[in-house]
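Please read the following explanation with the structure open beside it, taking the pocket, the charged pairs and the aromatic rings in turn.

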Amino acid sequence: MTTNTTLSRETLDRLLAHPETPRLSLYQPTHRHHPDNAQDSIRFGNLVKRLEASLAKRCTPDETRVLLRPFEALAKNEAFWQQTLDGLAVLAAPGLFEVFKLQRPVPELAIVADTFHTKPLRRALQTLDRYQVLGITRQHVRLFEGNRDVLDEVPLHPEVPGTITEALGEELTDPHLTVASYGGVGGPSKDMRHGHGSKKDEVGVDTERFFRVIDRAILQHHSQPSGLPLVLAGLREHHGVFRQITHNTQLVDEGITINFEAVSLQELRDLAWSVMEGRTHASVRELVDGFGQARASDRGLEDLAQIAAAITAGRVATLLVEADRQIGGRFDESTGQIAFAELDDPHVDDLLDELAEGVEKTGGRALVLPAAVMPTKTGAAAILRY
């Protein structure tokens, strides 16, 4: 049983390609600390009962028991419930069971349908208010990931060295080697007479080499897979060295010039969000303004039936969907037709979710926005390619 899957674009694609039905989607808000988290497993159990009631409408008792077995095991996993974050997503189907810990709360939801409900995962994946922080010193690095509300340390990929010793190995200047040892027998060395400059130079070379290794590894194993903006945190002199050698185009221009280890995680989040807040608001404004401009030139749609037809025709470049809104229905990708239905139908998922999935299958992008900034009242806004 998978108890914590790393969320990525590739993970979502794999889930959407899973061939078996029915597909079970469970979401719930969770809590990080006691006593708030004491009731999380109980609420999870209640959501599992809702899944069971829906499964009873389309599966045999034996099929239902098999599908719910990993849910029941997770409910009894005390260690898991003591290490949750702010939200939980569990997606399951015959031959599949995936668990995601999320950094933002999600509405309680338990759906059995022919498709997975993935809108909260899409929102968790998009870069509108998410970012990573790379904390650097001359000796080691740490990586954090967060949004406007929280920041958490994330494990480094196994191929990312966390310390200068791991990165340089035997090529690292001997930390016990003194400058005096460079001098000849019987008298002071040239280095000693010139104020230890050689030792400082070697330390500077080691730092630069260490940062080069880190830059390549972070880019390959974290920045490129996540697509997230990267905020640099470290002393001013380390910023100068790192920015001179970096090839990471996701590194933002403004950074945090502080010893990141001297502040709390919350203080580091506050500093990081002060860097990212303006960028985030600008990105949202650009999307909303882009829809307004598209609508003025007959390339913007808000009617769900028209959007569905445009998706099937491959005309939708960007689809904005409302975060916490659900509209029961089915989308036939082959014909572009939609049919509204009640959400308690065991074959029906959120129509907005299905439209978002359809857009991504045709090479477009789907973004989830809060209701307060959505430019339409229908729950969706499409910007057409033509």
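In this predicted model, helix α10 (265–296) gives six residues to the lining of the largest pocket, the largest share of that lining. Other elements that each supply at least two lining residues include the helices α1 (9–16), α5 (119–125) and α8 (197–226), together with strands such as β3 (96–102), β6 (141–146) and β15 (365–369). The lining of this pocket comprises 48 residues, and those that lie nearest its centre are L7, L125, R130, E145 and S226. The space within the largest pocket comes to about 1,400 Å³. Sorted by class, its lining has 19 polar and 17 nonpolar residues, with twelve charged residues besides.

Two of the residues nearest the centre of the pocket, R130 and E145, also form a salt bridge with each other, in which the closest N and O atoms are 2.7 Å apart. This pair links distant parts of the chain, since R130 sits in the loop between α5 and β5 (131–136) while E145 belongs to strand β6, 15 residues apart. Are these two partners buried or exposed? R130 has a relative accessibility of 9% and therefore counts as buried, and E145, at 16%, is buried because its value also falls under the 20% cut-off.

The structure holds 22 salt bridges, and others can be set beside this one. E302 and R295 form a salt bridge whose closest N and O atoms are 2.8 Å apart, but here E302 counts as partly exposed at 31% relative accessibility, and R295 is likewise partly exposed, with a relative accessible area of 36%. In the salt bridge between the side chains of E322 and R325, where the N to O distance is 3.7 Å, E322 is buried at 14% relative accessibility, whereas R325, at 28%, counts as partly exposed. Salt bridges also link R9, D13, R122 and E360 in a network.

The aromatic residues make up the last part of the picture. A pair of aromatic rings is described by how far apart the centres are and by the angle between the planes. The structure has eight aromatic pairs. In the pair F80 and W81, the ring centres are 5.1 Å apart and the planes stand at 90°, so the arrangement is edge-to-face, an angle over 60 degrees being what that description requires. Both F80 and W81 are buried, and these two residues belong to one aromatic cluster along with F44, F71 and F97.

Technical notes. Residues numbered from 1 in each chain as written. Predicted model: local features only at pLDDT ≥ 70, side-chain atom pairs only at ≥ 80, totals over all residues. Heavy atoms only, no water. Phe/Tyr/Trp six-rings, centres within 6.5 Å; stacked < 30°, edge-to-face > 60°. Buried < 20%, exposed > 50% of the residue type's maximum accessible area, 1.4 Å probe, protein only. 1 Å grid on protein atoms, 1.4 Å probe; cavity = no way out; pocket = protein on both sides within 12 Å on 5 of 7 lines; lining within 4 Å. Points joined across faces, edges and corners; volume = space filled by probe spheres on them. Helix = DSSP H or I, 4+ residues; strand = E, 2+ residues; numbered from the N terminus. Nonpolar A, V, L, I, M, F, W, Y, C, P; charged D, E, K, R; others polar. Salt bridge = Lys/Arg side-chain N within 4 Å of Asp/Glu carboxyl O.
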